[in-house]
Protein chains: 4
Amino acid sequence: MVELDGIIQDIAAEMAARTDRGQVATYIPELARVDPAAFGIALVDAEGQVCAAGDSDKPFSIQSISKVFTLTLALGKIGDGLWRRVGREPSGNAFNSIVQLEYEKGIPRNPFINAGAIAVADTILSGHKPNVALGEILRFLQFVSDDETIYIDHAVARSEQTTGFRNAALANYMKAFGILENPVELALGVYFHHCAIAMSCRQLAMAGRYLAFSGRHPTTGARVVSADRAKRINALMLTCGHYDGSGDFAFRVGLPGKSGVGGGILAIVPGKASICVWSPGLDPQGNSRLGSIALELLAKRMRWSIFGD
Amino acid sequence: MVELDGIIQDIAAEMAARTDRGQVATYIPELARVDPAAFGIALVDAEGQVCAAGDSDKPFSIQSISKVFTLTLALGKIGDGLWRRVGREPSGNAFNSIVQLEYEKGIPRNPFINAGAIAVADTILSGHKPNVALGEILRFLQFVSDDETIYIDHAVARSEQTTGFRNAALANYMKAFGILENPVELALGVYFHHCAIAMSCRQLAMAGRYLAFSGRHPTTGARVVSADRAKRINALMLTCGHYDGSGDFAFRVGLPGKSGVGGGILAIVPGKASICVWSPGLDPQGNSRLGSIALELLAKRMRWSIFGD
Amino acid sequence: MVELDGIIQDIAAEMAARTDRGQVATYIPELARVDPAAFGIALVDAEGQVCAAGDSDKPFSIQSISKVFTLTLALGKIGDGLWRRVGREPSGNAFNSIVQLEYEKGIPRNPFINAGAIAVADTILSGHKPNVALGEILRFLQFVSDDETIYIDHAVARSEQTTGFRNAALANYMKAFGILENPVELALGVYFHHCAIAMSCRQLAMAGRYLAFSGRHPTTGARVVSADRAKRINALMLTCGHYDGSGDFAFRVGLPGKSGVGGGILAIVPGKASICVWSPGLDPQGNSRLGSIALELLAKRMRWSIFGD
Amino acid sequence: MVELDGIIQDIAAEMAARTDRGQVATYIPELARVDPAAFGIALVDAEGQVCAAGDSDKPFSIQSISKVFTLTLALGKIGDGLWRRVGREPSGNAFNSIVQLEYEKGIPRNPFINAGAIAVADTILSGHKPNVALGEILRFLQFVSDDETIYIDHAVARSEQTTGFRNAALANYMKAFGILENPVELALGVYFHHCAIAMSCRQLAMAGRYLAFSGRHPTTGARVVSADRAKRINALMLTCGHYDGSGDFAFRVGLPGKSGVGGGILAIVPGKASICVWSPGLDPQGNSRLGSIALELLAKRMRWSIFGD
């Protein structure tokens, strides 16, 4: 752990010095205000010990990282029936593409593209009021991260809601094919708000523990999901977690991961660690530029790639 | 190893009894003649020991599994320069789709879809005669499998060549964009012939050892590729190895793998084993139906998924 | 005119006897209730004389035929500036396809596919309340058809509004690209309501006179649009008026025409006649089956094809 | 005719003075050598009189204009059976797009996109040697233009053949779907050579007479095709004759027309005239820039639009 902590500090220092930080997302006004110089990293190991460096306690907008947790909840609700409404193949398209929906009868390719995540939000909603569904999502995140301070940033949610016409197009399109069961506005409301949850690297690394450790909290042993489900969510993160940059992330980093346009990436080392990095500048595929590089360095030094050492 | 051998025998017996064997590929006349009841499995572990069951010594047409080895050779020739001509993202389309090429200027999405493998064959050709390139490919396979009896089935190659108009379309399309350097017929000739190589499960499991064991022969220690390159090829197999069924294979089996329409699948357990299964009946995505099921059972019983145990 | 009247009566009799009437549209509940045996035809010539037969005075839902008149109004408002927001090429896709919008930055291919017509409705709206825009559209139709009884069928409009998710997807998608200026719901409201206007064959034939007669009322000489604009609207009807059956209609009938899923077709014989036929059964492209056949017969007997006699 | 001759001279003079001449096609080396300052126009009226101006007797590469004549021949051979192999809808895509073929099982949208014209060439070939088919095409052109000097420019044909990989991709793709009956190379050979026919404006205007005058030679009365077939070919020219600029040409000019990348346009005024213009500079859709403008002026001054005067 001493060695690991040194590596984490080294990487954070190296990232702080880099100038090629990518572009901060600007399509949501609230996101555009974030400091591009921020960098944070946190890691929880099998003993429950945390290593952290940089801005690891500063909350940021988790955006699409939330999709990992809503997927977990939706699978808990309706199990494998979910796969009748959402596929599990890489999309080969940008995260907000509508083309695939037209060619495949409104069924989104996977739960991590926007359309898929809206269908997942619709599943969690299942006839309840949006606030009930959002309460459930928030409580789940507070539970898996052992932290009751996690909150929804309503300014970000409003910001998305007023500009989210592409997502509204996706939702209406799926509704036309009968994929959504609830009113479009309600499913979108849940989606926009869970994307607007604010968390720090430390909180996200804690939240990801059940994926790294066979579905359980490593320290208390409390079961969150079955070991089999944890594996399968990891597989989806590996194949679909970085939009049309998923192949490149698997190639370079070799870990299941899920990125968000807020600049965060949650990465899982099965059996060994749950990691979160954050740096707001994005690469052209919409994934954190320094976040990917930091994870590549870390996986290499620790020989953590799931594809061999 | 005793336990593992028992599991392999159990699985072979279970597969022999199943009646839902999928459809044997018929688009190449030579492939349509294969016995649909065949099933073979072979596995090499870190000590170099082989477990095998069923038709594990019967040669079959390796078809797209050959793309793993031509990719290895092409990377050996021109290194990461290959990625200027071929992408490494999942395609989200069928293996022979041409749509993606039109939208992305003739650059195939990854080296495992047909277009990508033709571009890889063109790289190996690099101005030489097809026979020279094919000799190189064959010798490489003989070397990595420690078996000089491996051969090209020329009847299969001719069979493909006379019906391979879609591949000719892909090759001409890439040529129009300057992606191929050699004459179209020559690149296609190399491609059709390396797909027509015949190997048994045992030979393929032996051939895959360098991917399972950090780029080396596990027994002699001879280096085939760098550890880093082996990892990266495994990552490509995981994300792109089963066409538009890649996500499903990762979800259910959780191992890097590459399938061929001859019914074979090569699967890699990093650090632990190289496996080949063969059953000629295919699922709608073109992957061996019983082969996938056998690997799912094996990975589950051995807790070999790279996504957690 | 006596001869023409006889031909009209003959055609109506022949159509009444046919049993291959196509399928009545069912996606809007209100449309599904229409009598599939209905058939009407009406024609106005250069002297202003009307020939009619069958159910020529029965109002039906004009649906997409309304797009000809909203296009006329929008061109009157902003002239050729409209072509910065809407193209004028055939789409090569179904009327409600969203794929083309993604590939062409939200600009609909032409004003007669749904997306294009919603953009046209948005232009007419231009900051006013939907009722103002709808009043304008209704008054224009009453003016060009010399008939103040024309009305909006609000039951049909409501019926569309509750099921029109694909149109909502198109509208939100265009809004995301900045093509729509007004709130999505308002533009959609205008669109759904103008499609729900009810008119008879006689009223529509009267309404189309300005397109047949160089932009003027043939009897009073009152100018509706310039001769040049009338020609150009006719050209758009010829190339884009029947969705992905436009080429076939031009090939068989040889007249500019615009169909609606209510089963009506407005057809223009430049300099000679304005015609409307109605039969609710549709062909697979969504155009009135008997309506097209009746027009093909009429154009042939009268040697009215614009492509030669 | 005196007035018309004056208009033709005026337009030629006006075109000679313009500097915005578009870009000469460069993808075929032989075409790139043409003088961008060339402009020719010729017109034959119902009495068989010819008006001409500019470079009206200078042969140029007719390229896609040849597709009008091969379509006529193929319809003569197999009649409406042709429409089982080729559609007649506008494509909504560029002339050499392969995407549409994949989505529609290898059936090209219409006979004027490259894929469609290759299928038409294959029909004319029908088991014969390419030279026989080419002889037939050439004799047909010599017959309809009353001019035995028309020839194939073999330097242009060779130039296309060595660079025509996209067309080879289209042909192989159709062959894979069983749309082509002859060997791919032979169908392509016929296609490349008929595109390489050289004709002057005067010769092409003469050749188009049968389309303008109900299928007959206007002076001798000799029937070339039925009146009905002439009309239908005109309809196809109107809807599909200018690739994805067809809608715009109909909108601005209002005449059936067929363009070629050599800079020629054949335009038909049913019952009144057959016209050919030539200016090598192209607009972004691949249609002659000054050619379209000259036809727009001529149609306007003569009130020749088929959509009204």
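## A walk through the complex

Let's start inside chain D, with helix 3: S66(D), K67(D), V68(D), F69(D), T70(D), L71(D), T72(D), L73(D), A74(D) and L75(D) are all buried there. Keep in mind as you look around that this is a predicted model. Those residues leave helix 3 of chain D mostly covered, since ten of its 13 residues count as buried. The helix itself runs over residues 66-78, and from first C-alpha to last it reaches 19 Å, close to the 18 Å expected at 1.5 Å a residue. Follow the chain just past the end of this helix and you come to G79(D), which takes a positive phi of about 60 degrees.

How far can you trust what you're looking at? Where pLDDT is low, the predicted coordinates should not be read in detail. For chain A, the average pLDDT is 94, and 98% of the residues score at least 70. As for the complex, the predictor gives an ipTM of 0.95 and a pTM of 0.93.

Now step back and look at how chains C and D sit together. Two copies of a chain are related by a rotation about an axis and a shift along it.

Chain C brings 34 residues to the contact and chain D brings 35. The size of an interface is often given as the accessible area lost when the parts come together. For chain C and chain D, that comes to about 3000 Å², with 56% of it on carbon and sulfur atoms. There is charge pairing here too: six salt bridges turn up across this interface. To see a salt bridge up close, look at D228(C) and K300(D), whose closest N and O atoms are 3.8 Å apart.

Finally, head over to chain A and its helix 12, residues 227-240, where you'll find R232(A). Is R232(A) buried or exposed? With a relative accessible area of 17%, R232(A) falls under the 20% cut-off, so it counts as buried. Its contacts reach into chain B: R232(A) touches F251(B), R252(B) and E296(B), leaving aside residues up to four places away in sequence.

Definitions and conventions. Residues are numbered from 1 along each chain as its sequence is written. Chains are lettered from A and ligands numbered from 1 in the order in which they are written. This is a predicted model: local features need pLDDT of at least 70, side-chain atom pairs count only at pLDDT 80 or more; totals for chains, interfaces and linings use all residues. Side-chain values use heavy atoms; hydrogens and water are left out. Helices (H or I, at least four residues) and strands (E, at least two) are DSSP runs, numbered from the N terminus. The expected span of a helix is 1.5 Å times one less than its number of residues. Buried means under 20% relative accessible area, exposed over 50%, partly exposed in between (1.4 Å probe, protein chains only). pLDDT is the predictor's confidence in each residue, from 0 to 100. Contact means heavy atoms within 4.5 Å. Buried area is the accessible area (1.4 Å probe) that two parts lose on being put together, summed over both. A salt bridge is a side-chain nitrogen of Lys or Arg within 4 Å of a carboxyl oxygen of Asp or Glu.
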